[in-house]
Amino acid sequence: MSKLDLITGVLVTILWGCNFTVIEWGLRSLDPYLLTLLRFTFCAIPLVFFVRRPTGVSLRALAVYGVLFGAGLWWVVNLAIYQGLSPGMSSVFLQFSAFFTIVLSNVFLREPISVPHFYGMAFAAAGLFLLLLLSDHSSTVSGIFLVLLAALMWSLCNLLVKVKRPVEMMAFIIWSSLFSIPALFALTLASQGWSAFEGLANGVAWEAVVSVLFQSYITTLLGYLVWNNLMKKYPAAQVAPLSLLVPVSGLVASYLFLGERLGAMQAMAIALVLLGIVIFLNAQRWLGVLSRNNR
């Protein structure tokens, strides 16, 4: 990966880590259904009227990506945080998408998985199970499983991008967001009724406004423009591990802005996850060193 691509990829993961704290701000006055619906509404409208539909990508592919990304990924994450999973913990477990992406790319696209990648997954999985054992809150356990489901949806989105390889990535994100809106509208209406929309007429707190705009334009349009271009350009084993830096910035942001604290055993469990991250990020380098030593 070029230095410029690596730097932009790292910057995006830092923004994504902060995004979980921003989500928490929005959920203080909006329910997860409406918050997600507003996010993808602003991603698509009014930009869809000024940006042409991406060429070489079918409406079916746009619709599948939009529903998986909007409802399957971010609606589920917002619901998990709304039910009690902390933003910092959410940022940790969503990054299991890196493992899912690499495995799916190996199964369907025959992209190789190295031995260090297996070790990285083993350490991260150990940290996951330790956190599950330590948790005595049902909301935390259910929230973790919700975020893992969202991580799987993200990996499917990554796989779709690698297969379709859209040329006009910004147009792809905007138009796929348009297909997120009907699914999110149906979920909001089914769970909250029209009262969710009536509440908007009474005004929205400034935290919710910042949350929606940040998620729409910074996290989604800017962040996934960079991320999807990297996913299209490089093998999944090179790109997906970058997302594992998100928990670091996510936990730091939660500590600074929300006062989130972790117990000693929880910190140890997350350290196992982060150790898996380090192994993932250095897999190719270690393989190169081993190959030189064996000559």
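Okay, let's start with overall size: for 295 residues, a compact globule would have a radius of gyration near 19 Å, and the protein chain comes out at 19 Å, so the two agree. That radius is taken over C-alpha atoms, and the globule rule is 2.2 Å times the number of residues to the power 0.38.

Quick caveat: this is a predicted model, where local features need pLDDT of at least 70, side-chain atom pairs count only at pLDDT 80 or more, and totals for chains, interfaces and linings use all residues. Residues are numbered from 1 along each chain as its sequence is written, and side-chain values use heavy atoms, with hydrogens and water left out.

Along the principal axes, the C-alpha atoms fill a box of roughly 70 × 50 × 30 Å. Of the 295 residues, 53% are buried, meaning under 20% relative accessible area with a 1.4 Å probe, protein chains only.

What's it built from? The chain has 14 helices and zero strands; helices are DSSP runs of H or I, at least four residues, strands are E runs of at least two, and numbering goes from the N terminus.

Now let's zoom in on one pair. Helix α1, residues 3–27, packs with helix α4, residues 87–94, at about 135°, with axes 9 Å apart. Axes here are lines fitted to C-alpha atoms over the stretch in contact, and angles run from 0 to 180 degrees between N-to-C directions.

And who touches whom? From α1 we have Phe20, Thr21 and Glu24, meeting Pro87, Ser90, Ser91 and Leu94 in α4, where contact means heavy atoms within 4.5 Å.

Definitions and conventions. Buried means under 20% relative accessible area, exposed over 50%, partly exposed in between (1.4 Å probe, protein chains only).
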